[in-house]
Amino acid sequence: MSVKILMVCLGNICRSPLAEGILAAKLTNEKFKVDSAGTGSWHIGHSPDERSIAVAKKNKISISHQKGRQFSSKDFEEFDYIYVMDSSNYKNVTALAQNQNQVEKVQLILNELFPNENVDVPDPYFGLPNGFEIVYNMLDEVCDVIAKKLIAKHT
């Protein structure tokens, strides 16, 4: 049985697709399954933002096949780990939890780098021209840490 990890952001077109692609590239498909979702419904069925696709491609990762979907309370049952990109996502996701065990599955992703500091991954959608590059680098660094932890624990 595979270990399932879910990456969550607001619209599932910028940060979480990048996080999904980056982490999946660092793990074996046989043991781990990585997916992503958004807390909002605006981009269900859409491909990731072209800027996310471009920065991933520049780093030899393909995310163009991904399709946006909305986080649902059923995800608590399907996924072992749920990483959210910011505190707003954390509030939205944990609001759907039905028990403490489900709440404990949810973590701010950058807490893996900066424990208990609750640092947000900035949303690059309306940001600086190099915002997607900055976010990619942040997520690449934290996904290294996550991948090492998951491999150590589950293999």
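Biologist: Which residues in α2 and α6 meet?

Modeller: This is a predicted model. In it, R51, S52, V55, A56 and K58 of α2 meet F132, E133 and Y136 of α6. That contact divides into 4 nonpolar, 1 polar and 3 charged residues.

Biologist: At what angle do α2 and α6 pack?

Modeller: The angle is about 55°, and the axes are 10 Å apart. Angles between 35 and 65 degrees fall in the oblique class, so α2 and α6 are oblique to each other. The crossing of α2 past α6 is right-handed.

Biologist: Now α1. Where does α1 sit in the chain, and how do its axis and that of α6 cross?

Modeller: α1 covers residues 15-26 and α6 covers residues 131-154. Their axes come within 9 Å and cross at roughly 40°. α1 and α6 are therefore oblique to each other. α1 also passes α6 in a right-handed crossing.

Biologist: Which residues of α1 and α6 meet?

Modeller: From α1 there are R15, L18, A19, I22, L23 and K26. On the α6 side they meet F132, V135, Y136, L139, D140, C143, D144, I146, A147, L150 and I151. The residues of this contact divide into 13 nonpolar, no polar and 4 charged.

Biologist: Is α1 mostly covered or mostly uncovered?

Modeller: Mostly covered, with 9 of its 12 residues buried. The buried ones are R15, S16, P17, L18, A19, E20, G21, I22 and L23.

Biologist: What covers the buried residues of α1?

Modeller: The cover includes strands β1 (3-9) and β2 (32-38), along with helices α2 (50-58), α4 (87-94) and α6.

Biologist: What should α1 span at 1.5 Å a residue, and how far apart are its end C-alpha atoms?

Modeller: Its 12 residues should span 16 Å, and the end C-alpha atoms are 17 Å apart, so the two values agree.

Biologist: What does L150 touch, leaving out residues up to four places away in sequence?

Modeller: L150 touches I5, L23, L27, F32, Y81 and T155. One of these, L23, is among the α1 residues that meet α6, and L23 is also buried.

Biologist: How far apart are L150 and I5, along the chain and between C-alpha atoms?

Modeller: Along the chain they are 145 residues apart, while their C-alpha atoms are separated by 9.8 Å.

Notes. Residues numbered from 1 in each chain as written. Predicted model: local features only at pLDDT ≥ 70, side-chain atom pairs only at ≥ 80, totals over all residues. Heavy atoms only, no water. Axes fitted to C-alpha atoms, helices over the stretch in contact; angles between N-to-C directions. Helix = DSSP H or I, 4+ residues; strand = E, 2+ residues; numbered from the N terminus. Parallel < 35°, antiparallel > 145°, perpendicular 65-115°, else oblique. Left-handed = near helix turned anticlockwise from the far one by under 90°. Contact = heavy atoms within 4.5 Å. Nonpolar A, V, L, I, M, F, W, Y, C, P; charged D, E, K, R; others polar. Expected span 1.5 Å × (residues − 1). Buried < 20%, exposed > 50% of the residue type's maximum accessible area, 1.4 Å probe, protein only.
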